[in-house]
Each structure stands twice: as C-alpha cells, then as structure tokens.
Amino acid sequence: MELIPVSPPKPVTSPLSYLTDPERMDALIRAIADASPQTDDDGTFPEQVFAWLANAGLLSVTLPGHDLDQRLSNTAGLLQLLKRIGSGNLAVGRVYEGHINALNLVGLYATPAQKQTWFSDVSDHHRLFSVWNTQAQDGVRIRAIGSGRYVLEGAKTFCSGSGWIQRPLVTGELLGAGQTGWQMCIIPTERVKPIPQDASFWQPLGMRASVSYKLDFTGVEIGEEDLLGKPGDYFHQPHFSGGAIRFAAVQLGGAEALFDATRALLVSMNRTDDGAQKSRLAEIAYLIESGNQWIDAAGRKADDWLLRGSEAGRIVAYANMTRTAIEEICLRVMQHTERSVGARGLMRPLPFERIHRDLTFYLRQPAPDATIADIGQYVLTTETNAHALWH
Ligand SMILES: Cc1cc2nc3c(=O)[nH]c(=O)nc-3n(C[C@H](O)[C@H](O)[C@H](O)COP(=O)(O)OP(=O)(O)OC[C@H]3O[C@@H](n4cnc5c(N)ncnc54)[C@H](O)[C@@H]3O)c2cc1C
C-alpha cells in the first residue's frame, strides 16, 4: 500500500504542553485521524503515528516524574488521554493502551533495577511495550533450564503491534523453577531469536492497523532479569480486572469521533433543522457525556479506593460497570450515527465505515457475560444500601 504523507503535528519543546494545551492536543489527534485511512489494512502498522506520540512525550507520560506519573493517582487524566487517542484512531489507541498497561505492570511488580532498565527503554529509546496474554490451546510455557535461564514454548494470539513491539510483556505457565503459576516476562526482542509471526491469523472485521497476529515464542531464551514479578501477580486484583476502564476509555474515543463526524456531515449537508436529527444528536450528546462521567468517576474512585487498600472488590465492580455501560453507549451511538448519516455517509472516503468496523470489533473484550454476572454477584452480596455501594 502506498503511503501518502500526512502533515505531522508541529514539534514542541515540552511534552507537557500536549496535556495542558488543548489546541496542540487537538492538532495531534487530527493528524492521527487524518493518517488513519493509510493504515486501514491487515498488515500496515501506524509507525509514523507512534513516532509522533514518542516525540510528543506521550510514550513516557506515565513514567516517574512525567505528567501522568502512575504513582501520583491521576487515573482520570490518563483515561481522558486514552480516550483522545482512541478518538484519533482506535487501533492506535489499542496499541497505546497496551504500552501504558505494560508500564503500569512494571511500576507495580518490577525490582528497582528492572524499572530503571525498562523505563529507560521508553524514555531514552522510544521502545514500545505491549501486554500479550490471550492464547489458544497452544499457549505459552516458560520452562526453567537452570543457571537462571528460561526457554519459552508455545504461541500467543491477538498480539497487538506484533513485530513492531520491542518489549512485549508475555504471560505463560512457569515450569520447573521451584515455583509454578502464571508468570510475566518482558522479552528484549532484539536480543532473542526471531519470533515467527502468523499473519494469516489476522483477518478481522476492523482494528486492522493494530496488526494483532499470532506469534510463536518457541525457543525464545530469556534470563531471570526478564521475568516480571512472581507467578500469579498478573491476576492480582484490583489491577487485573480494574484495568478494563482503560480500554473502555479508548472505546469511548471511537464514539466521540463518530459524534464529531456526524455533526460535521449534517452541517455540510445543511441538515441541522430537522427534528429527528436533532433528537438523535441530543441522545448521542448525552450518551457520550455519560460515558465521560463514567470514566472520570471510575478513575477518581479507583485512585481513592486504592489508597484505602481494602477495596479491591469495589474497584473491580465499578470497573465492570464502567466497561459494560460504555459498551452499551458505543453500540447505541453507532446505531444513531448510521441512521443520521445514511448510506451515503457510510461510504469511503468518509470515516464512518472504518470507525464503525473498528469500534464494533474493539468492543468485543474478554468475558462480557461473566463481567455482568460479577457485578450482580457484588451488589447481591454487599450489605450496604444503594447509596453507600459507591459513595
Ligand atoms: C483488536 C483487538 C486487539 C487485541 N489485542 C490483544 C493484545 O494485545 N493482547 C491480548 O492479550 N489480547 C488482545 N486481544 C484479545 C482480547 O483481550 C480478548 O481476549 C478477546 O477480544 C476476546 O475474544 P472473544 O470475544 O472471542 O472472547 P470469548 O471469551 O470467546 O467471548 C465470546 C462470547 O462467549 C462468551 N463466553 C466466554 N466464555 C464462555 C464459556 N465458557 N461458555 C459460554 N460462553 C462463553 C462471552 O461472554 C462472549 O459472549 C485483542 C482483541 C481485539 C479485538
């Protein structure tokens, strides 16, 4: 596919300015959105966009001393950033969210020496991280071979970013090291054998630019210093399920992009006086704003409840409600948008059909039914009145 150059966002001297300067952030998001059609195929990773994010300081934004330093409890701010990036391009938002998630896990479970290495991979070398946990029957095992060395066997599916990720966080069953369980490791890709990619796995409805291939790690050898945390740490609550608020934020960005494009199209067609269009746009507006209220509240409450230290179940239940509510919001917004723009709006080069494919596919996240059942279980077994459940 031939790439047409897209104007890059203006360079800046201070990365902080993107978070504090709405105009600069808008320009970056517009540039990301304008570049999206060029990577809307199953094998083109948005490399240029990730170079922009790196230059904007956004790959390192959650590292110590940076604007959204993960230790400083500004989850709501992070969720708004994820949403904005998702509104530019959902596939970029997915990969960016994986990067932020991996660095969050490093912050939680790495030793001081490991943090120094992995944080410098990002701030000094602009290396991309990701979290690859999903697998099929031929999943990953991490086998100890002595002298602090380990060999991986097996494959991961849905590896967003695939070969473009230099520091994938991969999970697998640890075997033969005196401990067993679900172990995280971070693979220094340039220092291990080449990792074969199965691109035929990736023939998706949407999110094509996330190039989420199947990767086979068999024969990859790593050391003790590449293992992150202890077996089982990956599933610790509230961090495991509570992280769902991050993908929900990215998804909401897709709904915001549809809202903006719908308003622009209706204005361009001089269709703003129609009562039915007004009422659909009104509903989209309040749905999206309620999505914003969900992620703002989820971010603030998660920070607050984490500080108290004994609220894991509550954080998870609130995250489960947030992702479920945002899924419903996005589905409803897509339906209204389709009706508002009609068939002619759903044709290229207009963005609706791509965003619709991307959002439909990205809304399919793990265990949606079990998530709802867990919310029900929480509210049925928590002995407080309705007000006190969340306040
Ligand atoms: C664009 C994209 C990028 C992704 N990138 C990554 C990545 O980088 N890293 C990563 O680890 N993962 C990634 N994933 C995978 C993702 O995290 C989920 O695992 C995946 O989307 C869930 O797939 P599914 O909908 O087929 O799941 P399923 O769990 O099969 O769910 C499908 C349906 O079956 C139901 N169901 C589930 N279990 C049962 C059961 N036992 N019995 C009956 N019904 C059941 C569910 O409730 C749901 O209704 C990505 C996914 C997408 C879409």
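In this predicted model, the shell around the ligand takes at least three residues from domain 2 (131-234) and at least three from domain 3 (237-390). In total, 15 residues surround the ligand, with Asn133, Thr134, Phe158, Arg364 and Asp369 the closest. By type, the shell splits into seven nonpolar, five polar and three charged residues. Side-chain polar contacts show up on both kinds of ligand atom looked at here. Thr134 puts a side-chain N or O atom 2.7 Å from a ligand nitrogen, and a polar side-chain atom of Ser160 sits 2.8 Å from a nitrogen atom of the ligand. Asp369, for its part, has a polar side-chain atom 2.8 Å from a ligand oxygen. On its own the ligand has 960 Å² of accessible area, and the protein covers 58% of that. Strand E1 (129-132) and helix H12 (368-381) are the elements that give two or more residues to the shell.

Asp42 is in the loop between helices H2 (22-35) and H3 (47-55), and Arg208 in the loop between strands E7 (197-198) and E8 (213-216), so the bridge ties together parts 166 residues apart in sequence. Both residues also belong to a salt-bridge network with Asp40, Arg348, Glu353 and Arg357.

Arg246 and Glu97 make another bridge, again with N and O atoms 2.8 Å apart. This one links helix H8 (residues 244-268) to helix H5 (residues 90-109), across 149 residues. Arg246 counts as buried at 10% relative accessibility, and so does Glu97 at 5%.

How values were computed. Residues numbered from 1 in each chain as written. Predicted model: local features only at pLDDT ≥ 70, side-chain atom pairs only at ≥ 80, totals over all residues. Heavy atoms only, no water. Near = heavy atom within 4 Å. Polar contact = N/O pair within 3.5 Å; in protein donor to acceptor, adjacent residues only side chain to side chain. Areas by Shrake-Rupley, 256 points an atom, 1.4 Å probe, with all protein chains shown as cover. Helix = DSSP H or I, 4+ residues; strand = E, 2+ residues; numbered from the N terminus. Nonpolar A, V, L, I, M, F, W, Y, C, P; charged D, E, K, R; others polar. Domains from an automatic or database assignment. Salt bridge = Lys/Arg side-chain N within 4 Å of Asp/Glu carboxyl O. Buried < 20%, exposed > 50% of the residue type's maximum accessible area, 1.4 Å probe, protein only.
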